[in-house]
Amino acid sequence: MLTVNEIFHSIQGESRRAGEPCVFVRLTACDLRCSWCDTPYSFHEGGKRSLEDVIAEVERYQCPLVEITGGEPLLQEEVYPLMERLLELGHTVMLETGGHRSIARVPSAVLKIVDVKCPGSGESHRNHWENLSLVGANDEVKFVLKDRADYEFARDVIARHHLHGKAGAILLSPVHGVLEARLLAEWVLADRLQVRVQLQLHKFIWSPETRGV
């Protein structure tokens, strides 16, 4: 059984697939408490559902792209057969994970979006640094930035772990409504960083507080 917060069909708001229709499977529970978290309702809300029930709902949307998110999806053991089953059905499967749990068991065909928590999150001491040696050309490493200190932290991590030669994309995302995107873009340009400045597209299409999008 899986504890599921919500399943919904929306536009991919982040990652290299931004703008594409996607089915999201949001699993319940997270063992982080990031200061800027925009889905605290996923910490506890949700209900038990069988793997086949989850698969059946995903299939009803007839959408090839599926993202498993949370909360922290890797807290639930059943997430692994869920990913395998979706792959078997021909879906492109994405996994959004907080970066503090090992991704070693995630199927290689899954497109992993691995967060690195910056100091502004209050959870940077929880990063599982070995994950950065496991990401590949199909995967993405994401930094959510609250301020200049977070940016400098991210810039140093990118260089120290040679992420340009490992991950398929490096995403720098400003905390919505906190760090001005223009400032982040100017910092990136000044430092000649080869990264992708990422805005949360769904928060511009809908209200930032809207759930199920």
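Cys34 is buried, as its relative accessible area is 12%; here buried stands for under 20%, exposed for over 50%, and partly exposed for anything in between, using a 1.4 Å probe and protein chains only. The model is a predicted one, so local features need pLDDT of at least 70 and side-chain atom pairs count only at pLDDT 80 or more, while totals for chains, interfaces and linings use all residues. Residues are numbered from 1 along each chain as its sequence is written, and side-chain values use heavy atoms, with hydrogens and water left out.

Back to that cysteine. The closest cysteine sulfur to that of Cys34 belongs to Cys37, and at 6.5 Å it is too far for a bond, given that a disulfide is called for a pair of cysteine sulfur atoms within 2.5 Å. Cys37 is likewise in no disulfide, and with a relative accessible area of 27% Cys37 counts as partly exposed. Searching the whole structure turns up zero disulfides.

As for the overall layout, the chain has five helices and nine strands, taken as DSSP runs numbered from the N terminus (H or I and at least four residues for helices, E and at least two for strands). Along the sequence they come in the order β-β-β-α-β-α-β-β-β-α-β-α-β-α. The C-alpha trace spans about 50 × 35 × 30 Å along its principal axes, and 52% of the 213 residues count as buried. Of the contacts (heavy atoms within 4.5 Å) between residues at least 6 apart in sequence, 68% join residues at least 24 apart.

Helix H2 (residues 79-88) gives a local view of the packing. Its residues Val79, Tyr80, Leu82, Met83 and Leu86 are buried. Looking down the axis of H2, these buried residues stay within an arc of 160 degrees, so they line one face of the helix; the arc is that of the directions from the helix axis to the C-beta atoms. They pack against S1, S2, helix H1 (51-60), strand S4 (65-69) and strand S5 (92-97). After H2 comes Gly90, with a positive phi near 95 degrees.

Now for the rings. There are three aromatic pairs in the structure, where rings of Phe, Tyr and Trp (its six-membered ring) pair if their centres lie within 6.5 Å, and planes under 30 degrees apart are stacked, over 60 edge-to-face and the rest tilted. One of them is Phe8 with Phe24, stacked at 5.0 Å centre to centre with 15 degrees between the planes. This pair links distant parts of the chain, since Phe8 sits in strand S1 (residues 2-11) and Phe24 in strand S2 (residues 21-27), 16 residues apart. Phe8 counts as buried at 6% relative accessibility, and Phe24 does so at 8%. Tyr151 and Trp187 make a tilted pair, 5.4 Å centre to centre and 45 degrees between the planes. Tyr151 is in helix H3 (residues 148-160) and Trp187 in helix H4 (residues 181-191), so this pair ties together parts 36 residues apart in sequence. Both Tyr151 and Trp187 are buried.

Charges show up over rings too, meaning NZ of Lys or CZ of Arg within 6 Å of the ring centre and within 35 degrees of the ring normal. Arg33 lies over the face of Phe43, 3.7 Å from the ring centre. Arg105 lies over the face of Tyr80, at 4.0 Å from the ring centre.
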